[in-house]
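Subject: Structure handover

Hello,

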Amino acid sequence: MPSTALAGIRVLDLSRILAAPLATQMLADLGAEVIKVERPGSGDDSRTYGPPFAVGPEGDRTDTAAFYLSCNRNKRSVTVNHATLEGQELIRALAARSDVVVENFRAGTLAKYGLGHESLRALNPRLVYLSVTGFGQTGPYAERPGYDGIFQAMSGMMSVSGHPDEPMKVGVSMVDILTGLYASTAVLAALRHRDATGEGQFVDLSLLDCGLASLSHFAMNYLVSGEVPRRRGNGGYGGIPSQAFACADKPIFLVAGNDKQFAGFCAAAGRTDLLQDERFATTSARIAHREEILPALEAVLRTRTRDEWLTVLAEHDVPAGPFNEMPEVFADPQIRHREMLVEVEDPVSGRLPLLANPIRFSATPVEGYTPPPALGEHTAEVLGELADVTELQLAELRARGVV
């Protein structure tokens, strides 16, 4: 059987909620051993972020929120109270035998308990220590709390999303998700550096920074032109057409990103006359005359059903797709072919559906998913393996609320 890409890497995951747990889930999917450390009794806050909650084999509701299930597969859960001296010693013992520590406490919080990056890297100089915070470790806002919607607003993401008269948050927690991807990339780069030099390092990642960086060409367009981007609802800033259109029954999203694709659309629509109009003959001309061409496109697209348009546009190699609600998403033949939905055996809920990792390796495939762990499910196992805690000692620690 092929080895996994990150076989032999151990990650100590001190994080909770979404951004950082998504990063450690990505590392776990890629083969790293991820040990999730949670508070005794309550655990990761996201365990209670429901409804919806997972459903048991008999249809009864469990106590595990779907939110938690979305970002904690392929991990082992250990309960340790970091506010106790004994708990701090246990975490230090685990960090000493780990390659990576990931945490998302407010700036400076873990340092108060002797668990900051300087203390842990003194124990383990090869350690990569990633800290994910709302505003970063420095600056006037460093100690402020924050959540995804705040960073969508502050980074400018909401300013370019929504209709002209209404800024709008992206439906999913997009800054959290993008930060998770930046975080996993940062860890991989730091491990590459560690393997080359023998030295770990500290990685400071801010949700606000990641939200701004994710504006990409929108931010660059502003920096180059000085023009504030306009909100265009479902309309894009690329070639024309590049937006949602109503059909005779259901809407589609259509993009003709270059002149060849626009010519294909005109042929499919029986409107080759548009190509003869100098206002619409090139990509730049269509962008400049956006308001003049859109009414003609809207009128012709209303003359056929969604499926009729999708068929004829595909025949002319014009990019287009339907607006899918969730049932349609998971019924889509392409998504089914790509096996983006997997099921795992879960001791609490029986068969648990999960979103698959989208990366497809030829030599080190992502496979063998394990369900998100129950709170403290692996405490005895992990502390016995890595901190030399005996069963008797474990019982005493539990009695004192340390684990």
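In the helix pair α3 and α15, L90, A93 and L94 of α3 meet V382, L383 and L386 of α15, where contact means heavy atoms within 4.5 Å. Helices (H or I, at least four residues) and strands (E, at least two) are DSSP runs, numbered from the N terminus. Helix α3 covers residues 85–96 and helix α15 covers residues 379–386; their axes come within 10 Å and cross at roughly 65 degrees. Axes here are lines fitted to C-alpha atoms, for helices over the stretch in contact, with angles running from 0 to 180 degrees between N-to-C directions. The crossing of α3 past α15 is left-handed, meaning that the near helix is turned anticlockwise from the far one by less than a right angle.

This is a predicted model, in which local features need pLDDT of at least 70 and side-chain atom pairs count only at pLDDT 80 or more, while totals for chains, interfaces and linings use all residues. Residues are numbered from 1 along each chain as its sequence is written, and side-chain values use heavy atoms, with hydrogens and water left out.

Salt bridges

The count comes to 22 salt bridges, each being a side-chain nitrogen of Lys or Arg within 4 Å of a carboxyl oxygen of Asp or Glu. E86 is partly exposed, at 32% relative accessible area; the classes are buried under 20%, exposed over 50% and partly exposed in between (1.4 Å probe, protein chains only).

R39 and D45 form a salt bridge at 2.7 Å, N to O. R39 is partly exposed at 33%, and D45 is partly exposed at 29%. In the pair R351 and E345, the closest N and O atoms are 2.9 Å apart; R351 counts as partly exposed at 43%, whereas E345 is exposed at 53%. There is also a network of salt bridges that links R10, E33, R76, E381 and E385.

Backbone geometry

Most residues other than glycine have a negative phi, and most peptide bonds are trans. The peptide bond from G50 to P51 is cis, with omega near 5 degrees, and the bond joining P51 and P52 is cis with omega about 5 degrees. P51 sits in the loop between β2 (33–38) and β3 (53–55), and P52 is placed in the loop between β2 and β3.

Which phi values are positive in a residue other than glycine? I17 has phi near 75 degrees and lies in the loop between β1 (10–13) and α1 (19–29). D317 has phi near 60 degrees and lies in the loop between α12 (306–315) and β13 (320–322). I17 is buried at 17% relative accessible area, whereas D317 is exposed at 60%.

Surface and interior

Y49, Y141, Y147, I150 and M154 make a nonpolar surface patch of about 480 Å². M154 belongs to helix α5 (residues 148–155) and is partly exposed at 40%. Patches are made of residues with over 30% relative accessible area and no salt bridge, with like charges joined within 9 Å and nonpolar side chains (Val, Leu, Ile, Met, Phe, Trp, Tyr) within 5 Å. Accessible areas come from the Shrake-Rupley method with a 1.4 Å probe, and for residues only the protein chains shown count as cover.

S242, in strand β11 (residues 242–245), is buried at 10%. Leaving aside neighbours within four places in sequence, S242 is in contact with N234, G235, G236, F253, L254 and V255.

Regards
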